[in-house]
Amino acid sequence: MTTPLISQARELWPNAEFHFLGYRGKLEMLKGNADITQTIETSDRPKLTEYLSLFFRLFQRYDLAVVTQPSDRAYFYGLVAAHRRVGVLGGHPQGITEQDKAKRNKSDKQNAWKKSICLHTVAVDYFAQHVITEKLRLLEVFYRQPQDLFSKPISVSAPTGDPITPSIATQIHSPYVVVHPGPLTAYKRWPLTYWQTLLTWITQQGWQIVLSASSAKQDLELNKDILSLLDEDTRKQIVDTAGLLSIPQAGTLIRGALAYVGVDTSITHLAAACNTPTIALFGPTPPTNFGPWPNGFVGKQPYQLRARSQTVGNVTILQGPGECVPCRKAGCEDRPSSHSECLDQLDPNQVIEALQSAINKTA
């Protein structure tokens, strides 16, 4: 989600050298990005010795730090690394209760020191501002006309693809649809029986299914649970990658697909960036903040906050019913293991119709 910012910064400073600091094992999305000279990895929970090593490696080495996350740690790295900084500030709670007001006051205090060390800051707006717009706006201070940032097509850069693992590649034949059922958290899950209905319909059209999953235990178990519901004829038309593909390999797989269907997770953003017809199932998350960006969109906001179905470019976002949608909570019980009623009520026939329409457009 930072790649449009990096591309725009490259246009602004064509002779600059860009280094990217991120968590170890999480930077595959940047593979082959021509705008980045160097990636620097750090643990998500560094020990003191790693902090000290990184401190001396970064210390005042850069002219500008672009802090794309609102955490204290990200700002500490920015303060250490550069003479000047721009950064994202954590957003305020959306409610109006006394508890929300207390959180807002705490947020203001936490943001005060961050503002004081920056040339320019951009506040997160979880409902009205897309995260890509948020990142691009970090460059506003360097433009005479900030609106110029959004006057031409904006695209996300997908990683360079790697060859698919031969044991999997030999099982795949065209045409196929990539399906990614597993989100990071339970409250973004779509019911198992709905996946059963969708996968059965796809194979009845004569299309193969490649079932995608991360290597996380819950993703692998979810795929097994879905497969266990299918009849033998349907299972024969499904290739389960079972967490065996890297991000660059997944990109190669998705580029060759008729279409992609997935939940609110990182691979869905990858699918959109690969310009593949993408069906994204959204529950509590506002698409106006985190919907997969339709490559080539001109402007600040591609999506409506609430719409049962909305298609922009190669991306279709589907949401369940309800006035509470999207709530931006962790499901109906506001905890990671919660269910989400809006996803429980997102009918598989709606997904089938969206998938059929997306494939027909590219036929």
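Is Ala 242 buried, partly exposed or exposed? Ala 242 is partly exposed, because its relative accessible area is 31%. Buried means under 20% relative accessible area, exposed means over 50%, and partly exposed is in between, with a 1.4 Å probe and protein chains only.

The model is predicted: local features need pLDDT of at least 70, side-chain atom pairs count only at pLDDT 80 or more, and totals for chains, interfaces and linings use all residues. Residues are numbered from 1 along each chain as its sequence is written, and side-chain values use heavy atoms, with hydrogens and water left out.

**Backbone**

Ala 242 lies in the loop between strand S8 (238–240) and helix H10 (247–255). Helices (H or I, at least four residues) and strands (E, at least two) are DSSP runs, numbered from the N terminus. Most residues other than glycine have a negative phi, and most peptide bonds are trans. Ala 242 has a positive phi, near 50°. Asp 334 also has a positive phi, near 55°. Asp 334 is in the loop between S12 and H13, and it counts as partly exposed because its relative accessibility is 47%.

The bond from Ser 174 to Pro 175 is cis, with omega near -5°, and Pro 175 sits in the loop between helix H6 (166–169) and strand S6 (176–180). The bond from Val 325 to Pro 326 is cis, with omega near -5°; Pro 326 is in the loop between strand S12 (315–319) and helix H13 (341–344).

Helix H1 (residues 3–12) is mostly covered, with seven of its 10 residues buried. Among them are Leu 5, Ile 6 and Arg 10. The cover over the buried residues of H1 includes strand S1 (19–23), strand S3 (62–67) and H5.

Lys 135 belongs to helix H5 (residues 131–136). Lys 135 counts as buried because its relative accessible area is 5%. Apart from neighbours within four places in sequence, Lys 135 is in contact (heavy atoms within 4.5 Å) with Met 1, Leu 5, Thr 68 and Gln 69. The side chains of Lys 135 and Glu 134 are joined by a polar contact of 2.9 Å. A polar contact is a pair of N or O atoms within 3.5 Å; within protein, one must be able to donate a hydrogen and the other to accept it, and residues adjacent in sequence count only if both atoms are side-chain atoms.

**Nonpolar cores**

In soluble globular proteins, nonpolar side chains tend to be buried together. A nonpolar core is a set of buried Ala, Val, Leu, Ile, Met, Phe, Trp, Tyr and Cys residues joined through side-chain atoms within 4.5 Å. The largest one has 30 residues, and those touching the most other members include Trp 195, Leu 198 and Ile 279. Elements that give two or more residues to this core include helix H7 (192–204), strand S10 (278–282) and helix H14 (348–362). H14 gives the largest share, six residues. Leaving aside neighbours within four places in sequence, the contacts of Trp 195 include Val 179, Trp 190, Val 261 and Leu 281. A second, separate core has 27 residues, including Leu 136, Ala 273, Phe 282 and Phe 297.

**Aromatic rings**

Rings of Phe, Tyr and Trp (its six-membered ring) pair if their centres lie within 6.5 Å; planes under 30 degrees apart count as stacked, over 60 as edge-to-face and the rest as tilted.

| Pair | Centre to centre | Angle between planes | Type |
|---|---|---|---|
| Tyr 51 and Tyr 77 | 6.5 Å | 40° | tilted |
| Tyr 75 and Trp 113 | 6.1 Å | 70° | edge-to-face |

Tyr 51 lies in helix H2 (residues 48–58) and Tyr 77 in helix H3 (residues 72–81), so their pair ties together parts that are 26 residues apart in sequence. Tyr 75 is in helix H3 and Trp 113 in helix H4 (residues 98–116), so this pair ties together parts that are 38 residues apart in sequence. Tyr 75 is buried, with a relative accessible area of 0%, whereas Trp 113 is partly exposed at 33%.
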